Amino acid sequence: MFEATDLNRRDARTQRLVRALFLLMTVLLAAPVLLILGVLLVKGGTMLSWDFLFTEPTNGMTAGGVLPALVGTVWLVAIALLASVPVGVAAAVYLSEYAPDNVLTRVINLAIINLAGVPSIVHALFGLGAFVIFFGFGTSILAASLTLAIMTLPVVIVATREALQAVPHAFREACWNMGATRWQTIWRVVLPNAVSGILTGVILEVSRTAGETAPIMFTGAAFFLPFLPASVFDQTMAMSLHLFVIATQVPDVPEALPYGVALVLIGMVLAMNALSIGLRTWLRQKKKW
Amino acid sequence: MSDAEIAVRDLTIRYGQHVALKGASFEVRPHEIFGIIGPANSGKTSFLKVLNRMDTFTAGMHFEGQVEVGGRDVRAWRNLYALRRQIGVVFPLPVGLPLSVYDNVAFAPRLAGVRAKADLNVIVEGCLRRAALWDEVKDRLNALGSLLSGGQQQRLTIARALSQKPRILLLDEFSIAVDPVTTMRIEAVLSELKAEMTIVLVTNLVQQARRLADRTAFFLMGECVTVAPTEQFFLRDADLDPRARDYVEGRFG
Ligand SMILES: Nc1ncnc2c1ncn2[C@@H]1O[C@H](COP(=O)(O)OP(=O)(O)OP(=O)(O)O)[C@@H](O)[C@H]1O
Ligand SMILES: [Mg+2]
């Protein structure tokens, strides 16, 4: 009586096939990532040393380390985050928790989506016009960071908005029914439960900010500047531009050097991601429903 | 009129074009338990939503007519938060906030400005006891409210409503997820609470209305058919609308 029918068996077979197919896709997806890392490690692994990280480039950038570029990228990413996370989160909170569904809100949403689609070279020109020239920051860390911030703002906004909307509406109503204001509800219940989703957005933003070259090229990143920036109004070297320069613009660079620089850049991004993912996992363990 | 705790005149509630309650007029007196019974779809929940102005965040919901709470038109409150803090509500689907059990119950007192830990402790314990939940959670006040069992969350919601020290308590089918024994315990507490507040009890259980309610309204298809002392619904010779009698005697709905 309790035996599988032909139909059951066929369903099970289909199920196994679909599963295997999707597994294959996933593995194919991982392959390029592993290949890139593998090639970088094989070709540039020999470059890695504390000296490489903590000394300046010498010999017209054909030898020495990456310190100024490393420090410059940290500055750029940190200031870009400092500018874009508060603005992005505030905008997302407004759009998801306060904004009435009207024409203005829709126009703003459309603008955000389009902002995400603007090519980075256009952002670069915008940053040049707005921050370098109009606001008079000159080519500086500040101008470059703000350009990066504008470019990555949609990432933060969209991720935050999705994280907020994932918090069940019933929680909000329960709070309102107790006489909590919108802000009290957001602050005590909604935001704490959206933090891990917001962090996802920040992770994506970090990766993108650290790797971008075009937006900083005209706005604050220097070709070669073998000392550390003293203030946000200085120019600085940056890992991404440095890699571009030694890979394409400087003659007689030893083959391993660009790979080494790329490895450090990827390592930085991965390290920052790992940190955020760790933080997120820790927050998720306290997940509340 | 003025001594009514809740005075409803010609209340019509709409969702868009759809009429959920039409032309209801009745009063709820201070310190009574006012039962509302009636089949599904009759507008019971919609009525409760008007009392604390949930229409402001329910899409498409509008109402006409007059609803006074404590002698004041609910539309005259400019600060709706103040109105809502005086009204405790319990809805059929329990919502434990994603906070600890303790913080769930301390939420409203904190909104009301209670800061001292000792005061909060007293309120939290008192409200949990009244909601018949204290014994089950007293050792895990730091556990998440949203991870309690359904029935426990329902009682947590009741405790939370009580923590507001409400002037009016609205209960919408509160016992739907609660076992019969605990339901009896809560019912006993409700009878005591009358001394402190006015209670509106929407229930699908006619017998629950019979046990608790001083007066009861019968809603049917968006109409408030009858308001009468509860025992009238159960007296054979009382002068009762036949639709109400049919419902109470289980002949439909
Ligand atoms: N948010 C809403 N949007 C649109 N229509 C609604 C909404 N809430 C209720 N209604 C409609 O209003 C009418 C009355 O609903 P209400 O929830 O007040 O009934 P009820 O008497 O509480 O029923 P039940 O006993 O099933 O809880 C129903 O026809 C319902 O479809
Ligand atoms: Mg209902």
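Predicted model: local features only at pLDDT ≥ 70, side-chain atom pairs only at ≥ 80, totals over all residues.
Hi everyone. If you are wondering why I open with an area, the size of an interface is often given as the accessible area lost when the parts come together.

So who is touching whom? On the chain B side there are 23 residues in contact, and they meet 20 residues of chain A. Which residues of chain B lose the most area to chain A? They are B:Phe57, B:Pro98 and B:Phe107, and together these three make up 31% of what the chain B side buries.

Now, how many salt bridges does the rule find across this interface of chain B and chain A? The count is 0 salt bridges. Polar contacts do turn up, though: 3 residue pairs are in polar contact across the interface of chain B and chain A, both residues at pLDDT 80 or more.

If you have the structure open, here is where to look on chain B. Three elements each supply at least two residues of the side that touches chain A: α2 (80–85), β6 (87–90) and α3 (101–111) of chain B. Of the elements in chain B, α3(B) gives the most to that side, with 4 residues. And if we sort the side of chain B that touches chain A by class, we get 15 nonpolar, 4 polar and 4 charged residues.

Let's stay with chain B and look inside the chain. The domain assignment gives domain 1 as 1–86 + 167–253, and domain 2 as 98–165. Taken over C-alpha atoms, the centres of the two domains of chain B are 25 Å apart.

How do these two domains meet? In domain 1 of chain B, 15 residues are in contact with 14 residues of domain 2 of chain B. Between them, these domains bury about 1200 Å², with 60% of it on carbon and sulfur atoms. On the domain 1 side of chain B, the names to remember are B:Arg85, B:Arg185 and B:Ile186: they supply 33% of the area that this side buries against domain 2, more than any other three residues.

Across the interface of domain 1 and domain 2 of chain B the rule finds 1 salt bridge. The side chains of B:Arg130 and B:Glu196 meet in a salt bridge, at 2.5 Å from N to O. The two domains of chain B also have 5 residue pairs in polar contact, both at pLDDT 80 or more.

Which elements of domain 1 of chain B each supply at least two residues of the side that touches domain 2? They are α2 and α7 (180–193) of chain B. α7(B) gives the most to that side, with 5 residues. By class, the side of domain 1 of chain B that touches domain 2 has 8 nonpolar, 1 polar and 6 charged residues.

One quick stop at a sheet in chain B. Here 4 strands form an open sheet in the order β2-β1-β4-β5, and the pairing is antiparallel. The edge strands, each pairing on one side only, are β2 (18–28) and β5 (72–73) of chain B. Strand β1 (residues 6–15) of chain B is joined to β2(B) by 7 bridges. For one example to find on screen, B:Val8 has B:Phe26 in β2(B) as its bridge partner.

Last, over to chain A. The assignment gives domain 1 as 6–47 and domain 2 as 50–285, and their centres, over C-alpha atoms, are separated by 30 Å. Here 10 residues of domain 1 of chain A are in contact with 9 residues of domain 2. The two domains of chain A bury about 810 Å² between them, 83% of it on carbon and sulfur atoms. In domain 1 of chain A, A:Leu40, A:Lys43 and A:Met47 lose the most area to domain 2, together 71% of what that side buries.

A:Lys43 comes up again: its side chain and that of A:Glu255 meet in a salt bridge, at 3.6 Å from N to O. The count between the two domains of chain A is 1 salt bridge, while the rule finds 0 residue pairs in polar contact there, both at pLDDT 80 or more. By class, the side of domain 1 of chain A that touches domain 2 has 6 nonpolar, 3 polar and 1 charged residues.

Notes
Residues numbered from 1 in each chain as written. Chains lettered and ligands numbered in written order. Heavy atoms only, no water. Domains from an automatic or database assignment. Contact = heavy atoms within 4.5 Å. Buried area = accessible area lost by both parts, 1.4 Å probe. Salt bridge = Lys/Arg side-chain N within 4 Å of Asp/Glu carboxyl O. Polar contact = N/O pair within 3.5 Å; in protein donor to acceptor, adjacent residues only side chain to side chain. Nonpolar A, V, L, I, M, F, W, Y, C, P; charged D, E, K, R; others polar. Pairing = 2+ DSSP bridges.
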